[in-house]
Structures are given as C-alpha cells and as structure tokens.
Amino acid sequence: MITLKYLVLGVTYLGFGLGYLPGLRMNRVAVAIVGSAFAVVLGILDLKTAWRAIDPSTMFCVGNDDREYS
C-alpha cells in the first residue's frame, strides 16, 4: 500500500511537470483533481478525509483561472 501511495504521488507530480506537452495538456488543477480521485478510488485516501482537505479559499483562487492555452 505504501508503494501505491508513492506511485500515485509520483504520477501526479509527473503530470504537473509534463502537463504542458501537446497530447498531455492538462493544467495543474486538472492534474490535482485526477490525482486525488485516483487516491480515493484506490483506497489510499478515504472520501471523508478528502473532503476535509479541501480549502474553500484555495478553491476560490483556482476557480478564477480564465487563461486559454495556445
């Protein structure tokens, strides 16, 4: 289980680093959501803890990203 935790964390950080490449185009918010969804689905993090980890003020800032990628 510990290996699975580090694998999900590593793939998430890899997504942060490579998200700008064509074909892998995801912004950091999308990568974070996918990584956290994998953590919940794989049983690494329970849903109650995941909901408690969300910071409303951070979500407000994240929701204001209107940039377009070209």
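I take contact to mean heavy atoms within 4.5 Å. With that rule I looked up Phe-16: leaving aside its neighbours within four places in sequence, Phe-16 is in contact with Arg-28, Val-31 and Ala-32.

**Basis of the entries**

I note that this is a predicted model, in which local features need pLDDT of at least 70 and side-chain atom pairs count only at pLDDT 80 or more, while totals for chains, interfaces and linings use all residues. Residues are numbered from 1 along each chain as its sequence is written, and side-chain values use heavy atoms, with hydrogens and water left out.

**Overall fold**

I counted secondary structure by DSSP runs, numbered from the N terminus, where helices are H or I of at least four residues and strands are E of at least two. The protein has 4 helices and 0 strands, and its pattern along the sequence reads α-α-α-α.

For burial I used relative accessible area: buried is under 20%, exposed is over 50%, and partly exposed is in between, with a 1.4 Å probe and protein chains only. Of the 70 residues of the protein, 10% count as buried.

Accessible areas come from the Shrake-Rupley method with a 1.4 Å probe, and for residues only the protein chains shown count as cover. The protein exposes about 5,800 Å², of which carbon and sulfur atoms supply 68%.

**Thr-12**

I located Thr-12 in helix 1, residues 2-18. Thr-12 counts as buried because its relative accessibility is 14%.

I then looked up its polar contact, defined as a pair of N or O atoms within 3.5 Å; within protein, one must be able to donate a hydrogen and the other to accept it, and residues adjacent in sequence count only if both atoms are side-chain atoms. The side chain of Thr-12 reaches the backbone oxygen of Val-8 at 2.8 Å. Not counting residues up to four places away in sequence, Thr-12 touches Val-31 and Gly-35.

I searched for patches, which are made of residues with over 30% relative accessible area and no salt bridge; like charges are joined within 9 Å, and nonpolar side chains (Val, Leu, Ile, Met, Phe, Trp, Tyr) within 5 Å. The salt bridge excluded here is a side-chain nitrogen of Lys or Arg within 4 Å of a carboxyl oxygen of Asp or Glu.

Ile-2, Tyr-6, Leu-9, Tyr-13 and Phe-16 form a nonpolar patch on the surface, with about 570 Å² of accessible area together. Tyr-6 is in helix 1 and counts as exposed because its relative accessibility is 59%. Tyr-13, at 55%, counts as exposed, and Phe-16, at 33%, is partly exposed.

**Aromatic pair**

I paired rings of Phe, Tyr and Trp (its six-membered ring) if their centres lie within 6.5 Å; planes under 30 degrees apart count as stacked, over 60 as edge-to-face and the rest as tilted. The count comes to 1 aromatic pair. Tyr-13 and Phe-16 form an edge-to-face pair, at 5.7 Å centre to centre with 80° between the planes. Being 3 residues apart in helix 1, Tyr-13 and Phe-16 are separated by about one helical turn.

I placed Val-29 in helix 2, residues 28-41; Val-29 is partly exposed, at 28%. Phe-16 and Met-26 are 10 residues apart in sequence and 8.3 Å apart from C-alpha to C-alpha.

I also placed Ala-30 in helix 2, and at 26% Ala-30 counts as partly exposed. From C-alpha to C-alpha, Ala-30 and Gly-15 are 9.4 Å apart in space and 15 residues apart in sequence.
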